[in-house]
Amino acid sequence: MLHFAVAGAPLSTPAPGGTVEGIKHAHSLGITAMEMEWVQQVPKNPARMKEIRETAEKCGVTLTIHAPYYINMNSPEKAKQEASKKRILDALSMGQLAGARSVCVHPAFYLGMDPKVVFENVRRMFADIMKQKKKLFPDVNFGLETMGKPTQFGTLEEVLKISKEFDVFPVLDPAHMHARSNGAVNSMEEWNEMFDLYEKYLGKKSLQHVHMHFSGIAYSIKGEKHHLPLKESDARWKDFLKVLKKRKIEGVLVCESPLLEKDTILMRDTYAKL
Ligand SMILES: [Zn+2]
């Protein structure tokens with residue numbers, strides 16, 4: 001099954017809002033997945049995580065997580081490396097308690113360094129974090145995201161290489177790929193190439209449990225500027241849905257449009273009618 005996830009509690013969630021109410025409300029809208037946006041900080045309350053997990057199980061809502069933005073696995077400063085590692089581990093371990101399937105992480109910035117050196121730095125920290133998998137996050141995927149700016153580590157091949165080595169899967173964000181390339185990756189042919197490469201690295205079965213993001217996006221030569229509602233963007237989103245349907249891609253597709261549930265439902269319903 002392909003779940004269309006809302007990126008955070010739906011905007012129409014009744015007061016007092018929050019994650020638990022958001023899950024219940026998403027469920028009432030027929031939305032079957034939600035990404036928890038821990039982008040500023042990771043919540044640290046285990047009792048709250050249990051409540052989230054139980055609510056999601058009861059509602060049949062699949063959960064994913066977006067880890068904090070303040071992460072750079074390539075920082076030359078020891079203190080920043082440690083802080084990044086801690087934020088990632090916190091997100092993964094709290095995700096385990098909350099019953100989330102996968103955690104999305106923005107890996108790093110190149111900082112003007114040789115991408116090969118950056119790759120090794122990211123890989124080293126990734127390996128370090130994976131040593132704790134058994135203990136802290138046995139059921140949660142550590143997903144590096146494909147990133148939207150050329151200054152950011154996170155080409156499709158970079159995240160696929162690391163994911164293959166550690167037997168995890170990355171977070172595919174075709175909107176980021178579209179922005180990074182200043183307008184390419186917006187056709188069925190290119191999305192098919194993207195999934196071909198994914199499959200080549202991770203195997204055919206990997207396309208049955210993807211973690212993806214999609215939205216409209218504003219961009220320039222410098223890549224991503226900000227997300228846009230589907231209908232206000234140049235994204236050929238219906239064609240993208242056709243590719244997903246044709247290839248029988250399954251897993252979670254998080255709609256990162258600023259309209260949240262409105263565009264999530266638009267994608268879900270359009271997909272169903274194909
Ligand atoms: Zn992201």
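**Helix packing and the sheet**

Mentor: Helix 8 (residues 188-202) packs with helix 9 (residues 237-246) at an angle of about 40 degrees, and their axes are 9 Å apart. Please keep in mind that this is a predicted model.

Trainee: How are helix 8 and helix 9 oriented to each other, then?

Mentor: Helix 8 and helix 9 are oblique to each other, and their crossing is right-handed.

Trainee: Which residues make the contact?

Mentor: Helix 8 contributes Met188, Trp191 and Asn192, while helix 9 contributes Asp239, Phe240, Lys242 and Val243. Sorted by class, this contact of helix 8 with helix 9 has four nonpolar, one polar and two charged residues.

Trainee: And at what angle do helix 6 and helix 8 cross?

Mentor: The axes of helix 6 (residues 156-165) and helix 8 cross at roughly 25 degrees and come within 9 Å. Angles under 35 degrees count as roughly parallel, and helix 6 and helix 8 are therefore described in that way. Helix 6 passes helix 8 in a right-handed crossing.

Trainee: What makes up the contact there?

Mentor: From helix 6 come Leu156, Leu160, Ser163 and Lys164, and from helix 8 come Met194, Leu197, Tyr198, Tyr201 and Leu202. The contact of helix 6 with helix 8 has seven nonpolar, one polar and one charged residues.

Trainee: Which residues of helix 6 are buried?

Mentor: Leu156, Glu158, Val159, Leu160, Ile162 and Ser163 are the buried residues of helix 6. They pack against helix 4 (115-130), strand 6, strand 7 (152-153), helix 7 (174-180) and helix 8. After helix 6 comes aspartate 167, whose phi is positive, near 55 degrees.

Trainee: Let us turn to helix 4. Is phenylalanine 126 buried or exposed?

Mentor: Phenylalanine 126, which is found in helix 4, is buried, because 21 other C-beta atoms lie within 10 Å, and 20 or more count as buried. Leaving aside neighbours within four places in sequence, phenylalanine 126 is in contact with Ile162 and Phe166. Ile162 is also one of the buried residues of helix 6.

Trainee: How far is phenylalanine 126 from methionine 73?

Mentor: Their C-alpha atoms are separated by 8.2 Å, although phenylalanine 126 and methionine 73 are 53 residues apart along the chain.

Trainee: How is strand 6 joined to strand 4?

Mentor: Strand 4 (residues 102-105) and strand 6 run parallel and are joined by four bridges. The bridge partner of valine 103 is phenylalanine 142 in strand 6.

Trainee: Which way do the residues of strand 9 point?

Mentor: Val210, Met212 and Phe214 point one way, His211 and His213 point the other way, and all are buried. In a regular strand, side chains alternate between the two faces of the sheet.

Trainee: Finally, how does strand 9 meet strand 12?

Mentor: Strand 9 and strand 12 (residues 251-255) run parallel and are joined by five bridges. Histidine 213 has valine 254 as its bridge partner in strand 12.

Key: Residues are numbered from 1 along each chain as its sequence is written. This is a predicted model: local features need pLDDT of at least 70, side-chain atom pairs count only at pLDDT 80 or more; totals for chains, interfaces and linings use all residues. Axes are lines fitted to C-alpha atoms, for helices over the stretch in contact, and angles run from 0 to 180 degrees between N-to-C directions. Helices (H or I, at least four residues) and strands (E, at least two) are DSSP runs, numbered from the N terminus. Angles under 35 degrees count as roughly parallel, over 145 as roughly antiparallel, 65 to 115 as roughly perpendicular and the rest as oblique. A crossing is left-handed if the near helix is turned anticlockwise from the far one by less than a right angle, and right-handed if clockwise. Two residues are in contact if their C-beta atoms, placed from the backbone, lie within 7 Å. Ala, Val, Leu, Ile, Met, Phe, Trp, Tyr, Cys and Pro count as nonpolar, Asp, Glu, Lys and Arg as charged, and the others, Gly among them, as polar. Two strands pair if DSSP finds at least two bridges between them. A residue is buried if 20 or more other C-beta atoms lie within 10 Å of its own, exposed if 12 or fewer, and partly exposed in between; C-beta atoms are placed from the backbone.
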